[in-house]
Amino acid sequence: MKNDNVKKTLLIIDDTKPIRILIWKTFDKEYNVLMEAKVSQALETVRLRHDNIDLIILDYEMPEMNGDVLYSHIRKYCPEVPVIILSGSLSESRIARMRALGIKQFLSKPVNIKRLREEIGKIISNDDNPA
């Protein structure tokens, strides 16, 4: 069981270093921020630390596999952890496919940090106050 007095943990999975660094610098004081650039490393982090991850921010267009497939692998280890998808090209069909998998939040790149902060806050506060 997670200790509510411990900082929440965000896992950023994105192959674009400037995005990882921007998110890390923005949220490091409020959250524990883990960052992975490669799918294999991300899956290993999820496998080993799934009990401690509170939110995953996932780039849809990763070199090794797309967000649909990666999300399915992540769900094997942490089915309840919320995921925000980041993408430079959010088509209606892609959003519909991802919603069918259970993802509720999608943000376009370039990342709007204010909007990302709002979405993270909503998700984390819902996690702290389940209905």
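Buried here means under 20% relative accessible area, with exposed over 50% and partly exposed in between, using a 1.4 Å probe on protein chains only. This is a predicted model, in which local features need pLDDT of at least 70, side-chain atom pairs count only at pLDDT 80 or more, and totals for chains, interfaces and linings use all residues. Residues are numbered from 1 along each chain as its sequence is written, and side-chain values use heavy atoms, with hydrogens and water left out.

**The sheet**

Let's start with β3. Strands are DSSP runs of E with at least two residues, helices are runs of H or I with at least four, and both are numbered from the N terminus. Since 5 of the 5 residues of β3 are buried, the strand is largely enclosed by the rest of the structure. Both of its faces are covered: Leu55, Ile57 and Asp59 are buried on one side, and Ile56 and Leu58 are buried on the other.

β3 belongs to an open sheet of 5 strands with parallel pairing, in the order β2-β1-β3-β4-β5. At the edges sit β2 (32–36) and β5 (105–108), each pairing on one side only. From one strand to the next, the twist averages 20°; angles run from 0 to 180 degrees between N-to-C directions, with axes being lines fitted to C-alpha atoms, for helices over the stretch in contact. Two strands count as paired if DSSP finds at least two bridges between them.

| Strand pair | Bridges | Partners |
|---|---|---|
| β1 and β3, parallel | 4 bridges | Ile13 and Leu58 |
| β3 and β4, parallel | 4 bridges | Asp59 and Leu86 |

Helix α3 (residues 67–77) lies across β1, β3 (55–59) and β4, and runs at about 155° to β3.

Thr9 is part of strand β1 (residues 9–13). It counts as buried because its relative accessibility is 7%. Contact means heavy atoms within 4.5 Å. Leaving aside neighbours within four places in sequence, Thr9 touches Asn32, Leu34, Asn52, Ile53, Asp54 and Leu55.

Ile53 itself sits in the loop between α2 (39–49) and β3, and is buried at a relative accessible area of 0%. Ile53 and Lys8 are 45 residues apart in sequence, yet 7.5 Å apart in space, C-alpha to C-alpha.

Lys109 and Pro110 are joined by a cis peptide bond, with omega about 0°. Pro110 is in the loop between β5 and α5 (113–128). Asn112 lies in the loop between β5 and α5 too, and counts as partly exposed because its relative accessibility is 46%.

**The pocket**

The largest pocket has a volume of about 200 Å³. A pocket is an open set of points on a 1 Å grid, with protein on both sides within 12 Å along at least five of seven lines, and lining residues have an atom within 4 Å of a point. Its lining includes Tyr71, Arg75, Val83, Gln105 and Ile123. By class, the lining residues divide into 7 nonpolar, 2 polar and 3 charged.

Methods
1 Å grid on protein atoms, 1.4 Å probe; cavity = no way out; pocket = protein on both sides within 12 Å on 5 of 7 lines; lining within 4 Å. Points joined across faces, edges and corners; volume = space filled by probe spheres on them. Nonpolar A, V, L, I, M, F, W, Y, C, P; charged D, E, K, R; others polar.
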